[in-house]
Amino acid sequence: MTPLEIVLCDLIATDGPMRLDRFMGLCLGHPQHGYYVTRDPLGAEGDFITAPEVSQVFGELIGIWAAGAHVAMGEPSRVNLVELGPGRGTLMADMRRTIAKISPALAAAITIHLVETSPVLRNRQRQVVGPGASWHMSLDEVPDAPMILIANEFFDAIPIRQFEMQDGIWRERLIGLENGHLVRGLSGPVGGPDGRDGDVAEYAPAREAIARQIGERLARQPGAALIIDYGHLTSAPGDTLQAMRKHGFREILDRPGECDLTSHVDFEALGHALWDGGAAVLPAMTQRAFLLAMGLEARFERLSQRADILVAQALRRQMARLADEDQMGNLFKALAATSPGMQSPYPFGQT
Ligand code: SAH
């Protein structure tokens with residue numbers, strides 16, 4: 001048993017069966033034994049790799065996007081550059097370097113705010129991001145000001161609830177206890193929409209609350225938000241909860257606290273919550289479409305010109321990984337939201 005498994009069994013023994021969002025929240029964020037609290041999970045030796053860790057070009061192109069967003073905002077002289085869940089700080093460091101090169105106006109305007117709960121990753125970010133950044137446990141700690149907000153692979157780690165339909169009745173999926181071990185179970189009947197037997201519906205109130213908060217900020221102050229994650233453009237039933245360890249899938253109840261637990265992001269629900277908070281939401285696109293529109297190929301081409309053959313081959317593999325349809329290109333989506341009435345930041349809303 002993992003130390004967290006003992007904690008979970010005790011909690012269930014006293015409080016009864018546990019909802020998946022609580023289980024997921026404890027697995028990822030328990031103050032002593034949570035997955036993100038106890039480790040840096042990124043990289044080849046870790047459990048998974050994210051786009052900024054694949055190539056510097058990802059963060060560079062997002063830096064270019066931010067410079068465009070700054071212009072669309074009317075070039076305010078003070079801007080909070082906010083990142084949710086910055087991981088190793090790589091994306092912010094790459095963005096910052098590019099912004100310094102291409103937009104002195106934005107470079108002079110920004111204060112960096114990192115929203116990060118993991119002490120291990122905060123340390124890492126401190127070394128990588130450079131001076132002048134501040135850290136927060138949640139978005140509501142970030143001071144109010146014009147804002148450019150980035151979140152890459154953040155929302156997939158925010159807990160969800162799941163419901164399944166059997167014999168025409170929806171029940172919530174719970175984690176229970178049997179002979180001292182964690183087991184999956186179901187609640188009593190709950191109300192719900194029409195569905196078919198076997199349907200699994202996911203609902204992410206914690207995600208929607210954060211998206212609504214972003215929307216409320218964009219309604220109060222000029223700003224733009226860019227959210228990138230794996231997920232689907234329109235809401236649909238399906239079980240997307242996954243556990244991952246050492247780059248392979250695991251069972252959800254396997255070694256609690258030692259596996260990453262995530263689920264696919266429902267971009268329709270996320271967009272609705274941003275809108276509900278008061279933001280203008282622009283149609284989402286695939287990561288492939290976003291990166292190609294931002295100049296992915298030209299940037300890799302330029303890096304390849306200075307590279308020897310082996311490096312050039314590695315660069316080609318990195319570009320394919322980020323943008324090919326059968327790699328991250330189609331599974332990952334990019335969504336932008338802005339203050340209402342603002343010009344749309346390229347490449348969003350260009351119809
Ligand atoms: N954006 C990074 C890291 C993605 S991993 C990248 O693309 O490489 C998820 C990140 O979100 C980690 O930094 C993790 O510590 C952070 N995180 C997870 N849950 C969080 C929460 N509730 N609040 C703030 N940060 C959280």
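The largest nonpolar core in this structure has 48 residues, and those with the most contacts inside it are Ile62, Trp65, Ile148, Leu226, Phe290, Leu322 and Phe348. Helix H5 (residues 56–72) gives the most to this core, contributing eight residues. Please keep in mind that this is a predicted model.

**Cores**
- Leu322, one of the residues with the most contacts inside the largest core, touches Ala51, Val54, Ser55, Phe58, Gln287, Leu291, Leu296, Phe300, Met328 and Gly329, leaving aside its neighbours within four places in sequence.
- Another core, of 28 residues, lies apart from the largest one and includes Leu4, Leu26, Tyr35 and Ile252.

**Helices H12 and H13**
- The axes of H12 (residues 296–305) and H13 (residues 309–323) come within 10 Å and cross at roughly 165°.
- On the H12 side, the contact is made by Leu296, Glu297, Phe300, Leu303 and Ser304, and on the H13 side by Leu315, Gln318, Met319, Leu322 and Ala323.
- By class, seven residues of this contact are nonpolar, two are polar and one is charged.

**Helices H1 and H2**
- H1 (residues 3–15) and H2 (residues 20–29) have axes that come within 11 Å and cross at roughly 150°, which makes H1 roughly antiparallel to H2.
- H1 passes H2 in a right-handed crossing.
- Leu4, Leu8, Leu11 and Asp15 of H1 meet Arg22, Phe23, Leu26 and Cys27 of H2.
- This contact has six nonpolar and two charged residues, with no polar ones.

Terms used
Residues are numbered from 1 along each chain as its sequence is written. This is a predicted model: local features need pLDDT of at least 70, side-chain atom pairs count only at pLDDT 80 or more; totals for chains, interfaces and linings use all residues. Side-chain values use heavy atoms; hydrogens and water are left out. Axes are lines fitted to C-alpha atoms, for helices over the stretch in contact, and angles run from 0 to 180 degrees between N-to-C directions. Helices (H or I, at least four residues) and strands (E, at least two) are DSSP runs, numbered from the N terminus. Angles under 35 degrees count as roughly parallel, over 145 as roughly antiparallel, 65 to 115 as roughly perpendicular and the rest as oblique. A crossing is left-handed if the near helix is turned anticlockwise from the far one by less than a right angle, and right-handed if clockwise. Contact means heavy atoms within 4.5 Å. Ala, Val, Leu, Ile, Met, Phe, Trp, Tyr, Cys and Pro count as nonpolar, Asp, Glu, Lys and Arg as charged, and the others, Gly among them, as polar. A nonpolar core is a set of buried Ala, Val, Leu, Ile, Met, Phe, Trp, Tyr and Cys residues joined through side-chain atoms within 4.5 Å. Buried means under 20% relative accessible area, exposed over 50%, partly exposed in between (1.4 Å probe, protein chains only).
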